[in-house]
Amino acid sequence: MQTYQLKYPFTTAAAVRLEKVEIRRLTRGDLRKANAYSKDEFDQENFMLASMCGVTPEDLEGFDLADSKALAEFFRTLVDGKGESTNV
């Protein structure tokens, strides 16, 4: 498991200060849950990003675009089977 330090920490709707996230590898079970969550590819990716970071999809909406981009790029390395990144 890796830790990503947010460049732009924020407070979630549940009043939790989010400064870093623990990133875990995703499973086929996560993919199944994402498919059940929505048929829209963007919503599915958000669901999986949230699962990867241990936050809710609603929390993910509060991420700064710079943090969101870095995590989305890391997500794609996981999907490609690389799974390790020096950027995260």
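A salt bridge is taken here as a side-chain nitrogen of Lys or Arg within 4 Å of a carboxyl oxygen of Asp or Glu. The structure is a predicted model, in which local features need pLDDT of at least 70, side-chain atom pairs count only at pLDDT 80 or more, and totals for chains, interfaces and linings use all residues. Residues are numbered from 1 along each chain as its sequence is written, and side-chain values use heavy atoms, with hydrogens and water left out.

By the salt-bridge rule, the count comes to four. One of the pairs joins aspartate 30 to arginine 24, with an N to O distance of 2.7 Å. Burial is expressed through relative accessible area (buried, under 20%; exposed, over 50%; partly exposed, in between; 1.4 Å probe, protein chains only). Aspartate 30 is buried because its relative accessibility is 5%, whereas arginine 24 is partly exposed at 30%.

A further salt bridge links glutamate 45 and arginine 76, whose closest N and O atoms are 3.0 Å apart. Glutamate 45 belongs to helix H2 and arginine 76 to helix H4 (residues 65-79), so the pair ties together parts that are 31 residues apart in sequence. Helices (H or I, at least four residues) and strands (E, at least two) are DSSP runs, numbered from the N terminus. Both partners are partly exposed: glutamate 45 has a relative accessible area of 24%, and arginine 76 has one of 41%.

Within helix H4, lysine 69 and glutamate 73 are four residues apart, about one turn of the helix. Their side chains form a salt bridge with an N to O distance of 3.9 Å. Lysine 69 is exposed, at 55% relative accessible area, and glutamate 73 is partly exposed, at 41%.

Aspartate 59, in helix H3 (residues 57-60), is buried and has no salt bridge. The nearest side chain of opposite charge (Lys and Arg count as positive, Asp and Glu as negative; His and the chain ends are not counted) is that of arginine 17, 12 Å away. Beyond neighbours within four places in sequence, aspartate 59 is in contact with Phe10, Thr12 and Ala13, contact meaning heavy atoms within 4.5 Å. Threonine 12 is located in the loop between S1 and S2 and is buried because its relative accessibility is 9%. Apart from residues up to four places away in sequence, threonine 12 touches Leu18 as well as Asp59.

The loop between strand S1 (2-11) and strand S2 (17-23) also holds alanine 15. Alanine 15 has a phi near 65 degrees, a positive value in a residue other than glycine. Most residues other than glycine have a negative phi. With a relative accessible area of 64%, alanine 15 is exposed.

Asp40, Glu41, Asp43, Glu58 and Glu61 form a negative surface patch. Patches are made of residues with over 30% relative accessible area and no salt bridge, like charges being joined within 9 Å and nonpolar side chains (Val, Leu, Ile, Met, Phe, Trp, Tyr) within 5 Å. The place of a charge is taken as NZ of Lys, CZ of Arg, CG of Asp or CD of Glu. Accessible areas come from the Shrake-Rupley method with a 1.4 Å probe, and for residues only the protein chains shown count as cover.
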